[in-house]
Amino acid sequence: MLNEAIAALQVNPDGHYIDATFGRGGHSRLLLSKLSALGRLTAFDKDLDAIAEAKTIVDPRFSIRHEGFMHLGQLPAASAAGVLMDLGVSSPQIDNPVRGFSFRQEGPLDMRMDTTRGQSVAEWLADASIESMAEVIRDYGEERFAGQIAKAIDRRRQERGPLGTTAELAEVVAGAVKTREPGKDPATRTFQALRIFINAELEELQQALEASLKVLQPGGRLVVISFHSLEDRIVKQFIATHSREVFDRRAPFAAPKAMKLNALGRTKPSEEEVASNPRSRSAVMRVAERTGVLE
Ligand SMILES: C[S@@+](CC[C@H](N)C(=O)[O-])C[C@H]1O[C@@H](n2cnc3c(N)ncnc32)[C@H](O)[C@@H]1O
């Protein structure tokens with residue numbers, strides 16, 4: 001949804017934009033092509049390969065930050081004409097076995113977007129309790145067999161030592177998942193869950209959405225593309241919460257707090273896009289506009 005997302009930003013050529021998820025820079029490059037000499041683009045990414053790619057853009061209007069997008073609130077208040085978030089992992093991350101995101105390719109069990117900090121999945125699984133493994137796999141993978149998978153990981157740790165590779169984890173999960181979902185590898189949900197957990201994806205998304213309210217100027221657009229229902233639920237609820245007037249029940253006669261966003265709807269990728277890029281099939285784009293009411 002490259003063109004749709006940039007169209008949804010309704011780019012003001014002189015505006016300052018934020019691309020919260022640079023990736024390989026598809027959205028950033030298109031956005032830059034719409035800006036005048038006065039326009040600015042600040043991009044974020046946690047991934048070192050994304051940062052290396054961003055450094056190849058030599059353009060005084062562009063800057064890249066190697067940090068989580070929850071830090072976008074550090075930008076000046078009401079300074080941005082638009083914030084774009086294209087959530088999740090990038091294709092280069094999934095396709096590189098060394099990153100450990102894919103159960104289809106053998107690699108170290110890492111899954112960190114930012115490999116310069118934090119624990120890898122292998123490190124976490126080495127001594128996480130059965131209860132916390134089950135909770136993560138159930139809550140972030142919506143996996144019915146979370147308890148059985150957690151016990152199977154623990155059994156395997158005790159018998160043969162900690163899990164080190166994606167193939168080892170996929171094998172343990174396949175042995176614990178008793179019914180197969182058509183067309184879905186049994187490891188899909190567990191890998192998704194561990195990736196979301198190890199990168200604190202949902203917490204960072206919530207914080208970045210709150211921060212976007214501060215940095216967007218009145219009329220500025222928030223455009224978020226999410227790839228699974230847990231992310232989309234957070235975005236949907238966030239927009240819904242800020243798209244209505246809030247009454248304080250303790251002060252029934254006080255004027256309600258005015259709404260901070262106008263919800264502008266949701267879009268799914270076209271059939272052609274899904275045909276040419278099957279990974280886009282679960283994408284949902286939500287758009288909202290900052291109202292004139294500031295904090
Ligand atoms: C789907 S890709 C973005 C693709 C990009 N729009 C493009 O055109 O190439 C998501 C990117 O967001 C980054 N990312 C995910 N969560 C992040 C976070 N909390 N903070 C910063 N970057 C994040 C990932 O490292 C990945 O490079």
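Student: How do the residues lining the second largest pocket divide into nonpolar, polar and charged?
Tutor: This is a predicted model, where local features need pLDDT of at least 70, side-chain atom pairs count only at pLDDT 80 or more, and totals for chains, interfaces and linings use all residues. Residues are numbered from 1 along each chain as its sequence is written, and side-chain values use heavy atoms, leaving out hydrogens and water. A pocket is an open set of points on a 1 Å grid over the protein atoms alone where a 1.4 Å probe fits, with protein on both sides within 12 Å along at least five of seven lines, and lining residues have an atom within 4 Å of a point. This lining splits into five nonpolar, five polar and six charged.

Student: Which residues lie nearest the centre of that second largest pocket?
Tutor: The pocket holds about 220 Å³ of space. Its lining has 16 residues, and those nearest the centre are Lys46, Asp114, Arg117, Asn199 and Glu204.

Student: Why does the second largest pocket lie between domain 1 and domain 2?
Tutor: The protein is divided into domain 1 (2-91 + 201-290) and domain 2 (115-198), with bounds from an automatic or database domain assignment. The pocket lies between them because its lining takes residues from both domain 1 and domain 2.

Student: Which residues come nearest the ligand?
Tutor: Being near means having a heavy atom within 4 Å. There are 22 residues around the ligand, and the nearest are His27, Asp45, Phe69, Asp86 and Glu204.

Note on methods
Grid points are joined across faces, edges and corners, and a volume is the space filled by probe spheres set on the points. Ala, Val, Leu, Ile, Met, Phe, Trp, Tyr, Cys and Pro count as nonpolar, Asp, Glu, Lys and Arg as charged, and the others, Gly among them, as polar.
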